[in-house]
Amino acid sequence: MSDKTYRVLFVCTGNSARSIMAEALLNHAGGRRFVGYSAGSQPKGSIDPLALRALQHLKVPAEGARSKSWGEFATADAPLLDFVFTVCDKAAGEVCPVWPGQPMTAQWGVPDPVAAEGADEQRLRVFIDTAVTLKRRIDLMLALPIDTLDRLSLQREVQQIGRQ
């Protein structure tokens with residue numbers, strides 16, 4: 001097993017819910033081998049409170065989380081990314097920046113919990129369900145023997161995870 005730390009960016013349009021939850025989930029479960037980041041193509045500038053409540057429900061800390069632009073990760077001084085996962089269908093169709101380091105990319109789209117209607121408790125359930133789906137995908141990625149897979153095999157595996 002290598003000592004490499006893998007850097008993963010989760011991208012969404014608003015960077016207010018799905019990508020924020022994915023970042024926190026990966027940072028919680030990834031130990032020292034993975035560092036999660038999140039960004040949006042059109043960041044809202046704030047995090048949906050129900051996203052934070054869903055993370056709290058799963059006992060996942062989100063200190064320091066903030067809504068930010070994906071442009072922060074396309075600069076020369078940005079961390080070199082190993083993976084970029086789009087967690088919403090809308091951002092997948094957008095023209096993405098050129099990521100330094102040519103990271104592996106995959107579509108891990110999930111429905112937008114922000115669009116859920118109903119009372120706060122009903123909406124919170126949708127946010128929790130979204131977080132659980134993201135957690136399952138992250139857990140599957142963490143279980144991959146990344147150090148032993150060639151790039152093509154790894155690409156196929158992370159794309160397959162997005163379909164589960």
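## Strand pairing around E1

In what sense, parallel or antiparallel, do E1 and strand E2 (residues 34-40) pair, and over how many bridges? The two strands pair in the parallel sense, and seven bridges link them, where pairing requires that DSSP finds at least two bridges between two strands. Helices (H or I, at least four residues) and strands (E, at least two) are taken as DSSP runs, numbered from the N terminus. This is a predicted model, in which local features need pLDDT of at least 70 and side-chain atom pairs count only at pLDDT 80 or more, while totals for chains, interfaces and linings use all residues. Residues are numbered from 1 along each chain as its sequence is written, and side-chain values use heavy atoms, with hydrogens and water left out.

From E1 the chain crosses through H1 to E2, and this β-α-β crossover is right-handed, a term meaning that, with the strands pointing away from the viewer, the path from the first strand over the helix to the second runs clockwise. E1 also runs parallel to E3, to which four bridges join it. Phenylalanine 10 stands opposite serine 38 in E2, and in E3 its bridge partner is phenylalanine 85. Six of the seven residues of E1 are buried, so that the strand is mostly covered; here buried means under 20% relative accessible area, exposed over 50%, and partly exposed in between, with a 1.4 Å probe and protein chains only.

## Nonpolar cores

The largest nonpolar core holds 38 residues, and the members that touch the most others are Phe10, Phe83, Phe85, Trp108 and Met141. Such a core is a set of buried Ala, Val, Leu, Ile, Met, Phe, Trp, Tyr and Cys residues joined through side-chain atoms within 4.5 Å. At least two residues of this core come from each of strand E1 (6-12), helix H1 (18-29), helix H2 (49-57), strand E3 (83-86), strand E4 (104-107), helix H4 (120-143) and helix H5 (151-161), and H4 gives the most, with seven residues. In soluble globular proteins, nonpolar side chains tend to be buried together.

Phenylalanine 85 is in contact (heavy atoms within 4.5 Å) with Val8, Leu9, Phe10, Val11, Ala106, Trp108, Met141 and Val158, once its neighbours within four places in sequence are left aside. A second, separate core consists of nine residues, among them Ala39, Trp70, Leu81 and Val84.

## Loop residues and backbone angles

The loop between E1 and H1 contains asparagine 15 and serine 16. Asparagine 15 has a positive phi of about 50° although it is not a glycine, and it counts as buried because its relative accessibility is 0%. Serine 16 likewise counts as buried, at 7% relative accessibility; leaving out residues up to four places away in sequence, serine 16 touches Lys44, Ser46, Ile47, Asp48, Ala51 and Val114.

A positive phi is also found in lysine 59, a residue other than glycine, where the value is near 60°. Lysine 59 is in the loop between H2 and E3 and, at 69% relative accessibility, counts as exposed. As background, most residues other than glycine have a negative phi.

## Salt bridges

The structure holds nine salt bridges, each defined by a side-chain nitrogen of Lys or Arg within 4 Å of a carboxyl oxygen of Asp or Glu. In one of them the side chains of aspartate 112 and arginine 18 meet at 3.6 Å, N to O. Aspartate 112 lies in the loop between E4 and H4 and arginine 18 in helix H1, so this pair ties together parts that are 94 residues apart in sequence. Aspartate 112 counts as partly exposed, at 33% relative accessibility, whereas arginine 18 counts as buried, at 8%.

Arginine 66 and glutamate 72 form another salt bridge through their side chains, at 2.9 Å from N to O; arginine 66 is partly exposed, with a relative accessible area of 41%, and glutamate 72 is partly exposed at 36%. Arginine 123 forms a salt bridge with aspartate 120, in which the closest N and O atoms are 4.0 Å apart. Both of these residues, arginine 123 and aspartate 120, lie in helix H4, three residues apart, about one turn of the helix. Arginine 123 counts as buried at 16% relative accessibility, while aspartate 120 counts as partly exposed at 46%.
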